[in-house]
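Dear colleague,

I am handing over the structure we spoke about, and my notes on what was found follow below it. Please read them with the structure open beside you.

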Amino acid sequence: MTQLKGTTICGVRRNGRSAIAGDGQVTMGESTIFKGGAVKVRRICGGRAVMGFAGSVADAFSLSERFEEKMEQYAYNLQRAAVELAQEWRSDKAMRRLEAMMIVADAESMLIVSGTGEVIESDDGVCAIGSGGNYALAAARALVRHTELSAHAIAEEALRVASSICVYTNDHITVEDI
């Protein structure tokens, strides 16, 4: 069975605000756009945090649910919840098969969480994942360095740049900020 893949997510932290933007394209296999208006960024934990995912859609939803459980378990401490999820993801036999990555953010921080056990906080407040992640990352870093745009505006424009370059990224963009 061909897997459905979710693509580009970009997170920006600036002036005490975090924004995560994601495109809407879901690609089936290597050559078919299955859906153009998917939402891969959402508020979680009653609006206390936001998350975006790239990778297998079903796997990402499973991870999202587990992350919310960890947030509740660890009193909405984003870093602790992310570390605990990454450890479980890496060590649990069933979870190890999940193919997705996440960017999560709350009022204080933003992290990339992966199934290989990484929990990464960027040095410059910009991070991106997915097939167009490198394009979005480069665009966001340039905008942070050379403009006064908000985190929201930078994340959105970075996705627009990625969508003009990456065939697995479209310009149906969702942005959530906190």
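**The annotated site and its surroundings**

Thr7 is found in the loop between β1 (4-6) and β2, where strands (E, at least two residues) and helices (H or I, at least four) are DSSP runs numbered from the N terminus. This is a predicted model, in which local features need pLDDT of at least 70 and side-chain atom pairs count only at pLDDT 80 or more, while totals for chains, interfaces and linings use all residues. Residues are numbered from 1 along each chain as its sequence is written, and side-chain values use heavy atoms, with hydrogens and water left out.

The UniProt annotation "active site", from an unreviewed entry, covers Thr7; UniProt positions are given in the numbering used here, feature names are shortened, and annotations may be inferred rather than shown by experiment. Thr7 has a relative accessible area of 3% and is therefore buried (under 20% relative accessible area, with exposed being over 50% and partly exposed in between, for a 1.4 Å probe and protein chains only). Leaving aside neighbours within four places in sequence, the residues in contact with Thr7 (heavy atoms within 4.5 Å) include Asp23, Lys40, Phe53, Ser131 and Thr169.

Helix α3 (residues 133-146) contains Ala139 among its buried residues, together with Gly133, Ala136, Leu137, Ala140 and Leu143. What covers these buried residues includes β2 (9-14), β11 (126-129) and α4 (151-163).

**The hairpin and the cysteines**

Strand β6 (residues 41-44) pairs with β7 in the antiparallel sense over 4 bridges, pairing being called if DSSP finds at least two bridges between two strands. The two strands form a hairpin with 4 residues between them, and Cys45 in the turn has a positive phi of about 55 degrees.

A search of the whole structure finds 0 disulfides, a disulfide being a pair of cysteine sulfur atoms within 2.5 Å. For Cys45, the nearest cysteine sulfur is that of Cys127, 17 Å away. For Cys166, the nearest is that of Cys10, 13 Å away.

Definitions and conventions:
The expected span of a helix is 1.5 Å times one less than its number of residues.
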